[in-house]
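Let's take a walk through this structure together. Have the sequence and the 3D view open, and follow along as we go.

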Amino acid sequence: MAMEVGFLGLGIMGKAMATNLLRKGFKLTVWNRTLSKCDELVEIGASVGETPAAVVKKCKYTIAMLSDPSAALSVVFDTDGVLEQIVSGKGYIDMSTVDVDTSSKISEAITSRGGYFLEAPVSGSKKPAEDGQLVILAAGEKALYEEAIPFFDVLGKKSFFLGQVGNGAKMKLVVNMIMGSMMNAFSEGLVLADRSGLDSKTLLDVLDLGAIANPMFKLKGPTMIQNNYSPAFPLKHQQKDMRLALAQGDAISVSMPVAAAANEAFKKAKSMGLGDLDFSAVYETVKHLQHSS
Ligand SMILES: NC(=O)C1=CN([C@@H]2O[C@H](COP(=O)(O)OP(=O)(O)OC[C@H]3O[C@@H](n4cnc5c(N)ncnc54)[C@H](OP(=O)(O)O)[C@@H]3O)[C@@H](O)[C@H]2O)C=CC1
Ligand SMILES: O=CCCC(=O)O
């Protein structure tokens with residue numbers, strides 16, 4: 001008999017991940033704050049839980065993919081939340097990108113009710129999520145990690161078990177801090193090339209043949225030079241990750257001036273109303289700064 005799995009949060013990532021689990025034969029019960037977003041999943045075989053608590057009541061394992069710390073906490077601790085139905089033997093796997101404090105609070109609450117907790121943020125965006133090619137950065141209860149491998153094998157191309165709760169969150173924030181800084185350097189390079197009278201497309205070709213070639217430049221460069229920022233990774237989430245990574249560094253006195261500057265550009269982009277666009281829309285902010293200086 002197929003295993004009943006819960007899935008909370010059907011945004012860009014959650015929808016793709018839940019779809020893959022369904023297609024690979026898992027019986028899924030889904031919930032999303034905006035319940036209408038469950039309809040597409042129902043069409044391909046999912047059941048709907050009216051609340052996070054209802055999903056956890058029905059399922060031995062529940063996976064969450066939510067926007068940020070406040071969403072992750074609300075879904076667990078609020079009325080009709082996950083915690084109300086966590087009992088001994090239930091597993092809760094939070095794959096959202098959050099900070100150590102958030103993950104630790106959730107872990108303590110779940111384990112104090114006898115449940116098992118795993119944080120498992122992911123590297124990889126919309127397309128890898130659709131293709132089941134994410135990189136999973138798990139930490140927490142090792143036994144739950146082992147039980148979750150059948151899900152992770154569907155969702156990702158590689159899973160890491162990083163030890164105690166917090167290590168997955170930390171690793172994810174380090175990776176996204178590097179990514180956000182790279183996106184800013186890339187945007188500045190595109191502007192400098194353009195203002196220097198160089199062809200942007202030629203710059204992309206040159207970059208792709210050299211030592212700093214990477215999948216992100218290759219994927220985002222062509223759409224950025226067309227001013228196309230259809231969201232794969234929303235800019236507001238990248239800014240959240242820069243903010244959380246800077247706080248991670250702040251707590252242990254790690255100086256990160258490059259990341260701090262990149263964070264300012266993402267904040268500026270949010271203030272320009274670009275938060276729901278792809279994070280590559282920070283390019284618009286870098287362009288805008290030239291006009292205003
Ligand atoms: N997109 C990407 O490329 C990647 C994203 N991530 C991370 O994955 C997580 C999800 O990202 P993504 O799918 O892109 O984000 P989306 O913005 O597309 O989806 C966010 C989800 O969180 C839900 N949500 C937001 N606030 C609340 C709340 N207060 N209570 C309950 N649910 C809430 C939304 O519900 P509703 O539909 O009702 O708004 C939606 O289901 C984030 O932590 C992000 O940083 C990680 C790797 C890649
Ligand atoms: O958190 C988002 C990461 C996006 C990516 O890894 O491409």
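Which backbone oxygen does the side chain of K172 reach? Keep in mind that you're looking at a predicted model. In it, the side chain of K172 gets to the backbone oxygen of V122, at 2.8 Å.

Let's stay with K172 for a bit. You'll find K172 in helix α8, which covers residues 167-195. UniProt, in an unreviewed entry, lists K172 under "active site", and that annotation may be inferred rather than shown by experiment. Is K172 buried or exposed? K172 counts as buried because its relative accessibility is 6%, and the cut-off for buried is under 20%. Leaving out residues up to four places away in sequence, K172 touches T97, P121, V122, S123 and L137.

Now hop over to ligand 1. There are 27 residues around ligand 1, and the ones that come nearest are N32, T34, K37, S125 and K240. Zoom in on the side chain of T34: one of its N or O atoms is 2.5 Å from an oxygen atom of ligand 1. The side chain of N32 does something along those lines, with an N or O atom 2.7 Å from an oxygen of the ligand. With S67, the backbone is involved: a polar backbone atom of S67 is 2.9 Å from a ligand oxygen.

How much of ligand 1 does the protein cover? On its own, ligand 1 has 900 Å² of accessible area, and the protein covers 89% of that.

Key. Residues are numbered from 1 along each chain as its sequence is written. Chains are lettered from A and ligands numbered from 1 in the order in which they are written. This is a predicted model: local features need pLDDT of at least 70, side-chain atom pairs count only at pLDDT 80 or more; totals for chains, interfaces and linings use all residues. Side-chain values use heavy atoms; hydrogens and water are left out. A residue is near a molecule or strand if one of its heavy atoms lies within 4 Å of it. A polar contact is a pair of N or O atoms within 3.5 Å; within protein, one must be able to donate a hydrogen and the other to accept it, and residues adjacent in sequence count only if both atoms are side-chain atoms. Accessible areas come from the Shrake-Rupley method with a 1.4 Å probe; for residues, only the protein chains shown count as cover. Helices (H or I, at least four residues) and strands (E, at least two) are DSSP runs, numbered from the N terminus. Buried means under 20% relative accessible area, exposed over 50%, partly exposed in between (1.4 Å probe, protein chains only). Contact means heavy atoms within 4.5 Å.
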